[in-house]
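Hi everyone, and thanks for coming along. I'd like to walk you through a structure that may be new to you, so please have a look at it first.

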Amino acid sequence: MEMETGQDLMMLIGAYYIPKHNPSKPLGDDAYFFSHEAQVMGVADGVGGWARKGIDAGKYARLLMRNAEDSVEDCRPHDVDPRRLLVESFMNTTEVEGSSTACIVSLAGDLLRAANLGDSGFMVIRGGKTFYKTEAQQHSFNYPYQIGWRHSTNIGSPEEAEDIVLGVEVGDVIVLGTDGLFDNVFEEDIEKIVGLCLEKNDPPEIMARKLAGTAVKNSLEDKTTPFEVAAYDAGVGHFGGKYDDVTVLVACVCDSIFGI
């Protein structure tokens, strides 16, 4: 079903990725894509537990995102349905083992649509404050919903992804990231960093770099983090951050300049 959209807006997108230091797996477990032409962006986070079986789940995440990018190559914004795109990418990702979380966000007109599965996610900042933030989908603490190799057991379906529809405005900032960001940086600190970047007229890729750098810094320090708080709430003993791959995409919403 095609949804009505109002004002003709677009996302200006920038990305930054910092993989964990691991010489045996230098690309890490995260992956992302974005397309200005199709007005869509996505992240995937390969589930690290596969390493115990000698499997690099980052390969699955990268192929999933590559297939998503290929699927929208000739699309216009109004053609993109994040859930359908996630399902199609999943169906095409059959060559490698592993599993991954995923979050895909698109914009057509002034309507933001998303499909979110697992503990990656996004937030929309409006006027310096969080207007919307996804909730992580988890079976239990640190055990997110995931999709993956279809011969695996206990792997979910892309149909379990949460569908999200929001109206956005000029000046909104969308921060999309893997759990490496949201486990290590509190919501109010993300708001603060974005605000300072806007004051300096930093482009989206600089915002993404600063957010990713802050996440990595916090993950290595003995300070309270969202991951520590979540662990406490789950009755799990953990102090400080969670050292992890960190992927951040920042999209600034503005009037469409290309008539896309």
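Let me begin with a definition: the rings of Phe, Tyr and Trp (its six-membered ring) pair if their centres lie within 6.5 Å, and the pair counts as stacked with planes under 30 degrees apart, edge-to-face over 60, and tilted for the rest. By this rule the count comes to 2 aromatic pairs.

Before we meet them, a word on the source. This is a predicted model, where local features need pLDDT of at least 70, side-chain atom pairs count only at pLDDT 80 or more, and totals for chains, interfaces and linings use all residues. Residues are numbered from 1 along each chain as its sequence is written, and side-chain values use heavy atoms, with hydrogens and water left out.

Now, the pairs. One is F122 with Y132, a tilted pair with 5.6 Å from centre to centre and 40° between the planes. F122 sits in strand β6 (residues 121–126) and Y132 in strand β7 (residues 129–133), 10 residues apart. When I say strand or helix, I mean DSSP runs numbered from the N terminus: E of at least two residues for strands, H or I of at least four for helices. F122 and Y132 are both buried, and here buried means under 20% relative accessible area, exposed over 50%, and partly exposed in between, using a 1.4 Å probe and protein chains only.

The other pair is F141 with F227: the ring centres are 5.2 Å apart and the planes are at 40°, so this pair is tilted. It links distant parts of the chain, with F141 in the loop between β8 (138–140) and β9 (143–144), F227 in helix α6, and 86 residues separating them. Is F227 buried or exposed? F227 is buried, at a relative accessible area of 7%, while F141 is partly exposed at 25%.

Let's stay with helix α6 for a moment. This helix covers residues 226–233, and its buried residues are P226, F227, E228 and A231. These pack against α3 (179–182), where contact means heavy atoms within 4.5 Å. Just after α6, G235 takes a positive phi of about 75°.

Next, please turn to the sheet. Which order do the strands take in this open sheet of 5 strands? The order is β1-β13-β12-β6-β7, with antiparallel pairing; two strands pair if DSSP finds at least two bridges between them. At the edges stand β1 (9–18) and β7, each with a single partner strand, so one side of each has no neighbour in the sheet. From one strand to the next, the twist averages 25°.

Zoom in on β6 and β7, which run antiparallel and are joined by 4 bridges. Across this pairing, M123 stands opposite K133, and R126 stands opposite K129. The two strands form a hairpin with 2 residues between them, and G127 in the turn has a positive phi of about 60°. For that, NZ of Lys or CZ of Arg must be within 6 Å of the ring centre and within 35 degrees of the ring normal. K53 does likewise with W50, its charged end sitting over the ring at 5.3 Å from the centre.

The axes of α4 and α5 come within 10 Å and cross at roughly 145°; axes are lines fitted to C-alpha atoms, for helices over the stretch in contact, and angles run from 0 to 180 degrees between N-to-C directions. Their contact is made by I190, I193, V194, C197 and L198 of α4 and M207, K210, L211 and T214 of α5. In the loop between these helices we find N201. Its phi is near 60°, a positive value in a residue other than glycine, and N201 counts as exposed at 68% relative accessibility.

My last stop is S99, in strand β4 (residues 99–108). S99 counts as buried, at 0% relative accessibility. Leaving aside neighbours within four places in sequence, S99 has contacts including D45, W50, Y60 and I155. S99 and G58 are 41 residues apart in sequence, yet 8.5 Å apart in space, C-alpha to C-alpha.

That's the tour, so over to you for questions.
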